[in-house]
Amino acid sequence: MVEQGTLDKLEAGFKKLQEAADCKSLLKKYLTREVLDACKDKKTALGATLLDCVQSGFENLDSGVGIYAPDAESYTLFAPIFNPIIEDYHEGFKPTDKHPPTDFGDTNTLVNVDPTGEFVVSTRVRCGRSLQGYAFNPCLTEANYKEMEEKVSAIFSTFEGELKGKYYPLTGMDKATQQQLIDDHFLFKEGDRFLQAANACRYWPTGRGIYHNDAKTFLVWCNEEDHLRIISMQKGGDLKAVFERLVKAAKSIEAKLPFSHDDRLGFLTFCPTNLRTTIRASVHIALPNSPRTEVLDDIAASSPPSQSTRGEHTESEVRIRYFQQERMD
């Protein structure tokens, strides 16, 4: 049974959400009284409640989505709230729809998007993955974090060729290593208020770490937002090379450590915005003769969420992600 204290917090959060006139989150849009009543008394096998899903959206009224999945079962047990949010965010993916079987496609169809090197500074493709059999952040124990880190770091140690590199645990990291990872724009850090409100930062920095290859064109974040954030990147616009490296790495890891996958939703992630293939591709471009103008700001305002020009947790020089394509099927 769900504890009375949890039910009280759900009621208080629901009231706060409904009274927030400026809140535009999908959580507010779809968390009706009927949906709340249908879900508030339920608990997953791993102990997740509706409060674990929505507490970040309750606290951060400026959220765009406002909901996370504390474990894989949450997507089905709390379907009355997850399904409409998923359908809205993923533009019509209905509860009756089913994600196609996993297929990375024919990489030979990909090209260098800027063969002359005039505009593209760098290309990046990333995906998130969760390990099968483990909860997501709010339900993970300290032992879970340590165990997952041990398993994935053991796989990293077997990488050869272009993937060969070194794993850097955040626990006990010396200042010189930390500074180098900061300089390379590889280091992620605690402090995101949306994740903190979702109880995603417990036991920090236990079980967290960063792996990168010797050439610094391949990177894996361990237990940041998702269990794994796999990233392939390099200077220039050779999308084919970047994507092939990502596919090679993801398949190598999955062969030894299965990922959490659902026949309908695809690969399962902490945030429902990253479901299905979870793949995102982007390029950073240089427009040396285009000073910042109202036109660029208007484009930025109507574009997908911006990414800084130098990576995570750095300020943007221009607020536009000039290209972003999500591979959703």
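I started today with Glu 91, which counts as exposed because its relative accessibility is 73%, over the 50% cut-off. The model I am reading is a predicted one. Glu 91 sits in the loop between H6 and strand E1 (120-129). I looked up its backbone too: phi is positive, about 55°, although Glu 91 is not a glycine.

**Another positive phi**

I then went to Asn 223, also not a glycine, and found a positive phi of about 60°. Its place is in the loop between E4 and strand E5 (228-235). Is Asn 223 buried or exposed? I noted a relative accessible area of 1%, so Asn 223 is buried.

**A cis bond**

Next I checked the peptide bonds and wrote down a cis one, joining Trp 204 and Pro 205, with omega about 5°. Pro 205 belongs to the loop between helix H9 (193-197) and E3.

**The chain as a whole**

I stepped back for an overview. I have eleven helices and nine strands in the protein chain. The chain has 329 residues, and 49% of them count as buried. I also looked at how far contacts reach: of those between residues at least 6 apart in sequence, 70% join residues at least 24 apart.

**The cores**

Which residues have the most contacts inside the largest nonpolar core? I listed Leu 31, Tyr 75, Ile 81 and Phe 82, in a core of 37 residues. At least two residues of this core come from each of helix H1 (4-19), helix H2 (26-30), helix H3 (33-39), helix H4 (50-59) and helix H6 (79-89). H4 gives the most, with five residues. I also see this core drawing on both domain 1 (4-90) and domain 2 (107-302), with at least three residues from each.

Phe 82 is in contact with Cys 53, Ile 67, Tyr 68, Ala 69, Ser 74, Tyr 75 and Pro 272. There is a second, separate core as well, of 36 residues, and I noted Ala 135, Phe 218, Ile 230 and Phe 259 among its members.

**Helix H4**

How many of the ten residues of H4 are buried? I count H4 as largely enclosed by the rest of the structure, because nine of the ten are buried. Those nine are Leu 50, Leu 51, Asp 52, Cys 53, Val 54, Gln 55, Ser 56, Gly 57 and Phe 58. Their cover includes H1, H2, H3, helix H5 (74-77), H6 and H9.

**H1 against H4**

I looked at this helix pair in more detail. The axes of H1 and H4 come within 10 Å and cross at roughly 35°. The crossing in which H1 passes H4 is left-handed. From H1, I wrote down Thr 6, Lys 9, Leu 10, Gly 13, Phe 14, Lys 16 and Leu 17 as making the contact. From H4, the contact uses Leu 50, Leu 51, Val 54, Gly 57, Phe 58 and Glu 59. Sorted by type, the residues of this contact are seven nonpolar, three polar and three charged.

Leu 51, in helix H4, got a closer look. Leu 51 counts as buried because its relative accessibility is 12%, under the 20% cut-off. Not counting residues up to four places away in sequence, Leu 51 touches Thr 6, Lys 9, Leu 10 and Phe 58. I checked the C-alpha atoms of Leu 51 and Lys 9: they are separated by 7.6 Å, with the residues 42 apart along the chain.

**Helix H6**

For H6, I listed the buried residues as Ala 79, Ile 81, Phe 82, Asn 83, Ile 85 and Ile 86. H2, H3, H4 and H5 are included in what covers them.

My last stop was Thr 217, in the loop between strand E3 (209-213) and strand E4 (218-222). Is Thr 217 buried or exposed? Thr 217 counts as buried, because its relative accessibility is 15%. Which residues does Thr 217 touch, not counting those up to four places away in sequence? I found Ile 231, Ser 232, Met 233, Gln 234 and Arg 245.

Technical notes: Residues numbered from 1 in each chain as written. Predicted model: local features only at pLDDT ≥ 70, side-chain atom pairs only at ≥ 80, totals over all residues. Heavy atoms only, no water. Core = buried A, V, L, I, M, F, W, Y, C linked by side-chain atoms within 4.5 Å. Buried < 20%, exposed > 50% of the residue type's maximum accessible area, 1.4 Å probe, protein only. Helix = DSSP H or I, 4+ residues; strand = E, 2+ residues; numbered from the N terminus. Domains from an automatic or database assignment. Contact = heavy atoms within 4.5 Å. Axes fitted to C-alpha atoms, helices over the stretch in contact; angles between N-to-C directions. Left-handed = near helix turned anticlockwise from the far one by under 90°. Nonpolar A, V, L, I, M, F, W, Y, C, P; charged D, E, K, R; others polar.
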